[in-house]
Amino acid sequence: MRGAIAIVKREIRSYFCSPIAYVVLGVFLFVMGVIFAKFVDLYQRFNSAQQFGQAQGITIDKVATYLYQNMAFILCFVTPFLTMRLFSEEKRQHTLELLFTAPVRELEIVMGKFLSAYFLMLLMLALSAIYVFFMVLWGNPELKIIGATYLGLALALACYVSLGGLISAMTSSQAIAAVWTFIALLFLWLLQSLGQGITAAWGPIQWGPTLVYISPLGHFNSFSEGLIHVKDVVYFLSFTIFCLFLTHRVVESNRWR
Amino acid sequence: MIEVKELTKKYGDRIAVDNISFSVKRGEILGFLGQNGAGKTTTMKMLTCFMPATIGTASIAGFDVFENSYEVKKRIGYLPETPPLYPELLVSEYLNFVADLRAIPRREKKKRMDIVLDRCQLGDVKNRLIGNLSKGYRQRVGLAQALIHDPEVLILDEPTVGLDPKQQSEARSLIRSLRSERTVIYSTHILSEVAATCDRIIIIDRGKIVAQEAINSLGATGTMTKTEVIVQRSSENVAQCLRSISGVKNVQCLSNGKERIIVESEAQEDIMAEIAKVVVNNNAGLIRMAPVQLALEDYYLDLIGGKRGVVI
């Protein structure tokens with residue numbers, strides 16, 4: 001694990017030595033801030049409307065649910081910027097030769113890369129807890145639901161990052177890695193709607209529910225409603241482990257290809 | 001220390017390295033000579049476990065590079081063609097990272113870093129960003145990286161490319177100073193560098209080894225030697241008489257401004273005296289005569305089938 005730790009330290013240093021970490025964190029927090037403000041505004045208007053008996057009010061818990069469902073989607077756009085450089089940049093800079101000729105196992109390289117990007121994403125999540133602070137200050141949200149949501153976000157991010165890392169390992173161009181990661185994440189996200197539209201069954205497989213199951217959206221949504229299902233946890237973990245396994249194979253293939 | 005047996009590497013249909021075998025003894029500096037694309041880098045990549053061989057085996061310190069790559073990697077220091085540097089790190093941060101990758105214990109890390117900074121003359125730049133360094137300094141940081149764990153075997157791919165002449169000679173003396181402690185394989189296409197630094201050379205051309213020699217036995221190719229004679233008046237008669245000397249194999253008359261005769265003969269001590277006697281007796285007006293040192297360059301060009309330079 002020593003090699004992995006060295007790589008994590010180096011990666012995090014590189015993130016913060018270049019503008020990328022600051023730009024991504026800043027843009028993410030700005031966008032989320034705008035969305036949060038919008039939901040809070042809606043919440044206020046509905047509630048004042050409700051006082052006059054005109055409309056159904058929305059609760060602060062609904063604000064949190066909408067906010068975090070949006071956040072899970074926006075993270076699809078953010079992830080590629082942090083994962084694109086993981087392997088591509090090493091290839092372009094020829095530093096992969098350093099890693100591959102040092103006494104470090106491929107698994108340590110893959111884990112080091114994954115953990116460093118994941119750490120940064122978790123840092124981003126931690127910073128977004130500022131919204132929880134405001135909600136508690138001026139409302140009375142159900143903190144257990146928010147806790148479950150954060151668990152869901154952390155699990156979803158693990159699979160975003162592992163997928164981004166896998167794509168980065170397959171190309172030496174950061175731009176290509178970013179674009180493909182974004183397309184892949186968006187596609188996974190859209191599988192939900194796609195699957196819901198399919199009602200017919202071809203052959204023995206129910207394609208509609210299968211596609212819905214493959215999409216992370218539904219799995220995340222149950223977390224954001226405060227439900228921690230084992231099947232959702234298993235989905236995210238197995239997705240992540242599968243991507244890490246494939247990344248390991250791709251990296252290892254450099255040794256025999 | 002290094003054993004290479006029938007190593008072959010194919011990229012698709014193209015054969016980059018074709019069935020090469022050699023061995024390097026402990027403490028030896030081996031020069032790896034060849035044109036661009038001759039297969040030097042590919043061979044080095046296979047030796048450093050970066051890339052597998054298609055056929056054949058190689059071992060370093062008794063460990064197979066494919067089967068036991070972890071043990072091999074611990075024992076080698078490798079400077080690739082492009083130094084593997086992170087431009088966003090400081091020199092000291094970078095060396096610290098490499099030391100961590102190489103599992104140098106915390107206690108020794110500081111000491112090792114000071115040693116390589118001093119050896120590669122990087123003390124002045126250790127707190128500068130690698131991205132801001134000149135090419136020569138980057139090359140030296142790359143060398144420091146290869147030396148930090150005090151490896152038994154050093155594999156350097158064109159370590160002097162991009163250095164100015166002063167830095168080149170510094171790099172060469174650095175490499176020479178490593179002799180006896182370490183085994184070094186070192187590739188280049190600069191001929192004078194090999195002559196100045198290495199104990200032995202391997203010349204590789206189109207993936208094949210065309211020569212392996214100790215550096216001091218170069219020039220005298222077997223038992224044949226050449227003598228250049230410069231005279232005032234050359235004639236066919238002189239050439240005829242020279243040919244009749246026993247031991248002389250071939251006589252060439254060249255005239256470009258001055259009359260030159262190249263005598264190829266068996267390597268005997270008294271043959272020079274015989275040639276002198278014949279030339280003087282024929283009243284050709286002897287100006288100068290000297291044995292032709294077969295230069296490394298001629299030898300090299302000869303082997304790789306290039307156009308040979310003008311003799312002397």
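This is a predicted model: local features need pLDDT of at least 70, side-chain atom pairs count only at pLDDT 80 or more; totals for chains, interfaces and linings use all residues.
View 1. The C-alpha trace of chain A spans about 70 × 50 × 30 Å along its principal axes. Of the 257 residues in chain A, 40% are buried. Among the contacts in chain A with a separation of 6 or more, 79% are made by residues 24 or more positions apart.

View 2. A:Asn70 belongs to helix 3 of chain A, which covers residues 60–83. With 16 other C-beta atoms within 10 Å, A:Asn70 is partly exposed, since a residue counts as buried if 20 or more such atoms lie within that distance and as exposed if 12 or fewer do. A:Phe36 is 34 residues away from A:Asn70 along the chain, and the C-alpha atoms of the two are separated by 9.6 Å.

**View 3. The contact between chain A and chain B.** Chain B gives 22 residues to this contact and chain A gives 20 residues. On the side of chain B that touches chain A, the elements giving two or more residues are helix 2 (69–75), strand 6 (76–79) and helix 3 (91–101) of chain B, and helix 3 of chain B supplies the largest share, four residues. By residue class, this side of chain B divides into 14 nonpolar, two polar and six charged residues.

**View 4. The nonpolar cores.** The largest nonpolar core has 131 residues, and those with the most contacts inside this core are B:Tyr94 and B:Ala144. Its largest share, 13 residues, comes from helix 8 of chain A, residues 143–169. When neighbours within four places in sequence are left aside, B:Ala144 is in contact with B:Leu95, B:Val116, B:Leu117, B:Cys120 and B:Leu122. There is also a second, separate core of 11 residues, which includes B:Val231, B:Ile261, B:Ile275 and B:Val278.

**View 5. The six-stranded sheet of chain B.** Six strands of chain B form an open sheet in the order 6-7-8-3-9-10, with mixed pairing. Strand 6 and strand 10 (208–214) of chain B stand at the edges with a single partner strand each, so one side of each has no neighbour in the sheet. On average, and with direction ignored, neighbouring strands of this sheet are turned by 15° against each other. Strand 7 (residues 153–157) and strand 8 (residues 183–188) of chain B run parallel and are joined by five bridges, and one pair across them is B:Asp157 with its bridge partner B:Ser187 in strand 8 of chain B.

View 6. Strand 6 of chain B pairs with strand 7 of chain B in the parallel sense over four bridges, and B:Ile76 stands opposite B:Val153 in strand 7 of chain B. From strand 6 of chain B, B:Ile76 and B:Tyr78 point one way while B:Gly77 and B:Leu79 point the other way, and all are buried. In a regular strand the side chains alternate between the two faces of the sheet. Helix 5 of chain B, residues 135–147, lies across strand 6 and strand 7 of chain B and runs at about 165° to strand 6 of chain B.

**View 7. The four-stranded sheet of chain B.** A further open sheet of chain B, with antiparallel pairing, has four strands in the order 2-1-4-5. Strand 2 (14–24) and strand 5 (63–64) of chain B are the edge strands, each pairing on one side only. Five bridges join strand 1 (residues 2–11) to strand 4 (residues 55–60) of chain B, the two running antiparallel, and B:Lys5 stands opposite B:Thr57 in strand 4 of chain B.

**View 8. The enclosed helix 1 of chain B.** Eight of the eight residues of helix 1 (residues 40–47) of chain B are buried, so this helix is largely enclosed by the rest of the structure. The buried residues of helix 1 of chain B include B:Lys40, B:Thr41 and B:Lys45 as well as B:Met44, B:Met46 and B:Leu47. B:Cys49, which follows helix 1 of chain B, has a positive phi, near 65°.

**View 9. The two domains of chain B.** Chain B is divided into domain 1 (2–217) and domain 2 (224–293), and the C-alpha centres of these domains lie 46 Å apart.

Key
Residues are numbered from 1 along each chain as its sequence is written. Chains are lettered from A and ligands numbered from 1 in the order in which they are written. A nonpolar core is a set of buried Ala, Val, Leu, Ile, Met, Phe, Trp, Tyr and Cys residues joined through C-beta atoms within 7 Å. Two residues are in contact if their C-beta atoms, placed from the backbone, lie within 7 Å. Ala, Val, Leu, Ile, Met, Phe, Trp, Tyr, Cys and Pro count as nonpolar, Asp, Glu, Lys and Arg as charged, and the others, Gly among them, as polar. Two strands pair if DSSP finds at least two bridges between them. Axes are lines fitted to C-alpha atoms, for helices over the stretch in contact, and angles run from 0 to 180 degrees between N-to-C directions. Domain bounds come from an automatic or database domain assignment.
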